[in-house]
Amino acid sequence: MSGDSRRSGSAPDEFRVPRPADVLGQIPTGESLHAELAAAARSRGRTSSVAGELAELRETLDEIAIEPVDVETARRRVAAASGEEARLKERIAALRGDVRARRAVDAATDETLGDLESAAAELSSAQTERIAAEQAFEQARKRATRTRDERERRLRLLDRLQNRRRDARQELAREMYPTFRDVLTEVPGGDEAHANEEPSEYEGPAIAASVAAVAIADIDGPVMLGEAAVSWIDDREGTVPVVVRETKNDAEERGGGRSPAHPTRSGDRRPGV
Amino acid sequence: MLVLLVVTYSAAARTGLRNLCRRHEDPVVRRFGRAALLDSTEYAAFLAVRLREAHGGDVQIERTEPFNEFVALEEPVREAAAAYANRESKSTPYAAFAAGTDHPGPETMRGEEL
C-alpha cells in the first residue's frame, strides 16, 4: 500500500529547531531576518519564554505513534468479490434463458442444468466471500478511523508547535535587535538608519543584515560566502575577517589548504545543508 | 449528485490538497481548511487518489450524497426537529422537551439506522 510505512509518529525534521550554525553557516542564508536573529540569540545561549512549552510539545509529538492501517487490501478484496458475484449472476441468468429456450424446442437440457447447478454453487460461495470482504473492509475502516483521531491530534500539535516556534523566533529576534542595530553600521552595505525599531521594520539589504546577524552570533566553524555575498562585499571594498571565519580544522577536513579567518568561496548554497 | 470528500491529516497532505485546489478549480466544489469536496467525475477521483498515493493514510476519501430528510426520515422525526428548533424555552434539553409528548426520544432515535 502506498505511503503509510514512511510516516511514523515523530515530528518531521522541519519542526526541529535548526542549529544556529545551520542557519548562519552560509551567506546568503536563505532565511528570514527573524530566523537569523533568533539563531544568533540561541548561539549566545538565549532561550525564549516558550522554550518549555516547545520542549513539551516535541516530547508529546515524539510519543505519538500511528500504526499503519492497510485499507487498500480490503478495498481491493471487496471490489474483486463484488465483481465475481455480478459475473456469476449474469452467467446464471444466461443459463436459465438457455434452459427455457431448450425446453421450448424440446432439446436436451441436462448439460445446461448441470452448468446451472455448479454456477449456483459458485455464486453461493462468491456471496459468502463478498460478505466476508465487506466485513473485513468495515473492520479496516474502523481501525483507520481510530488512527485518524491520532493523526488529527498530531497535526493539531504540529500546528501549535509551529506557531509557538514563530513566537519564539520573534521574541528572540526582538531581544537581539538592539545589538544587531549597533553592529549593522560596521558591516559592508549596512546602515543603522535602515534598522528602525523592530526586526519587521528592517528596510536595508538582506545580505548586510545576514552579515550583521553572523557578526553578533557565537558560532564555531566556517561561514561560507556565496557568490552574491562575495561580490556584495567586494563591491563595497569591505572586509569580513572578524565576522566570517573559518577554523583551521574545518579547512583541513574539507581538504582545503586555506588559511584561517579567510572567507570561503563557494556556490550560493553549501551542499548537503 | 454524489461528491467526493477529501480530508487530510498531515501538514504535507494538507499542503498537497491546497495545491490541488489551487491548480484545479473545476472539479473543486468547495474548500475547507484541510478538506475539500470534489465533484463526481473520474478526473476529480484521479486527483484524490493521486493525493492518497502520495500521502497514504493521511488522506481520507469518502463518497457522500446530499441528504434528503423527506426520503431518509420518518415524519415524526422531522416534526420533532422543527418543533424543537422553534421551542419557546431555549434552555430545555431535547430529552426533557420530548418527554411526555409524541416526539421520539433521543435514545429511540439513536437506536434507529437511517
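Modeller: A residue is called buried here if 20 or more other C-beta atoms lie within 10 Å of its own, exposed if 12 or fewer do, and partly exposed in between. By that rule, 28% of the 273 residues of chain A count as buried. Please keep in mind that this is a predicted model.

Biologist: Ok, predicted. What are the scores for the model, and what is the mean pLDDT of chain A?

Modeller: The model scores ipTM 0.78 and pTM 0.71. Chain A has a mean pLDDT of 82, with 81% of its residues at 70 or more. In chain A the pLDDT is under 50 over residues 1–11, a stretch with 29 contacts beyond four places in sequence in the model. The pLDDT is also below 50 over residues 241–273 of chain A, where the model has 51 contacts beyond near neighbours in sequence. Where pLDDT is low, the predicted coordinates should not be read in detail.

Biologist: And what does chain B average?

Modeller: Chain B averages a pLDDT of 94, and 100% of its residues score at least 70.

Biologist: Back to chain A, then. How many helices and strands are there?

Modeller: Chain A has eight helices and three strands, and along the sequence they come in the pattern α-β-α-α-α-α-α-β-α-α-β. If you take the contacts in chain A between residues at least 6 apart in sequence, 73% of them join residues at least 24 apart.

Biologist: I can see α4 of chain A. How many residues does it have, and how far does it reach?

Modeller: Helix α4 of chain A covers residues 72–104, which is 33 residues, and it reaches 48 Å from its first C-alpha to its last, close to the 48 Å expected at 1.5 Å a residue.

Biologist: Which residues of α4(A) are buried?

Modeller: They are Ala74(A), Val78(A), Ala81(A) and Glu85(A). An α-helix has 3.6 residues a turn, so residues three or four places apart point the same way. The cover over the buried residues of α4(A) includes α5 of chain A, residues 110–184.

Biologist: Why does Asp106(A) count as exposed?

Modeller: Asp106(A) counts as exposed because it has 7 C-beta neighbours inside 10 Å, and the cut-off for exposed is 12 or fewer. Asn196(A) also has a positive phi, near 60 degrees, in a residue other than glycine, and its place is the loop between α5 and α6 (206–216) of chain A. Asn196(A) has 14 other C-beta atoms within 10 Å, so it is partly exposed.

Biologist: Where is the cis peptide bond?

Modeller: The cis peptide bond joins Ile27(A) and Pro28(A), with omega about 0 degrees. Pro28(A) lies in the loop between β1 (26–27) and α2 (33–43) of chain A.

Biologist: Switching to chain B. What does the domain assignment give?

Modeller: The assignment gives domain 1 of chain B as 3–64 and domain 2 as 70–108, and the centres of these two domains, taken over C-alpha atoms, are separated by 36 Å.

Biologist: How do β2 and β3 of chain B pair?

Modeller: Strand β2 (residues 28–31) and strand β3 (residues 35–38) of chain B pair in the antiparallel sense over three bridges. Val28(B) has Leu38(B) in β3(B) as its bridge partner, and a hairpin of three residues joins β2(B) to β3(B).

Biologist: And Ala13(B), is it buried or exposed?

Modeller: Ala13(B) is in helix α1 (residues 11–23) of chain B, and it is buried because 26 other C-beta atoms lie within 10 Å. Beyond its neighbours within four places in sequence, Ala13(B) is in contact with Thr8(B), Leu51(B), His55(B), Asp58(B) and Val59(B).

Biologist: Last topic. How many residues of chain B are in contact with chain A?

Modeller: In chain B, 11 residues are in contact with 14 residues of chain A. Helix α2 (residues 42–55) of chain B gives the most to that side of chain B, with four residues. By class, the side of chain B that touches chain A has three nonpolar, five polar and three charged residues.

Technical notes:
Residues are numbered from 1 along each chain as its sequence is written. Chains are lettered from A and ligands numbered from 1 in the order in which they are written. This is a predicted model: local features need pLDDT of at least 70, side-chain atom pairs count only at pLDDT 80 or more; totals for chains, interfaces and linings use all residues. pLDDT is the predictor's confidence in each residue, from 0 to 100. Two residues are in contact if their C-beta atoms, placed from the backbone, lie within 7 Å. Helices (H or I, at least four residues) and strands (E, at least two) are DSSP runs, numbered from the N terminus. Ala, Val, Leu, Ile, Met, Phe, Trp, Tyr, Cys and Pro count as nonpolar, Asp, Glu, Lys and Arg as charged, and the others, Gly among them, as polar. Domain bounds come from an automatic or database domain assignment. Two strands pair if DSSP finds at least two bridges between them. The expected span of a helix is 1.5 Å times one less than its number of residues.
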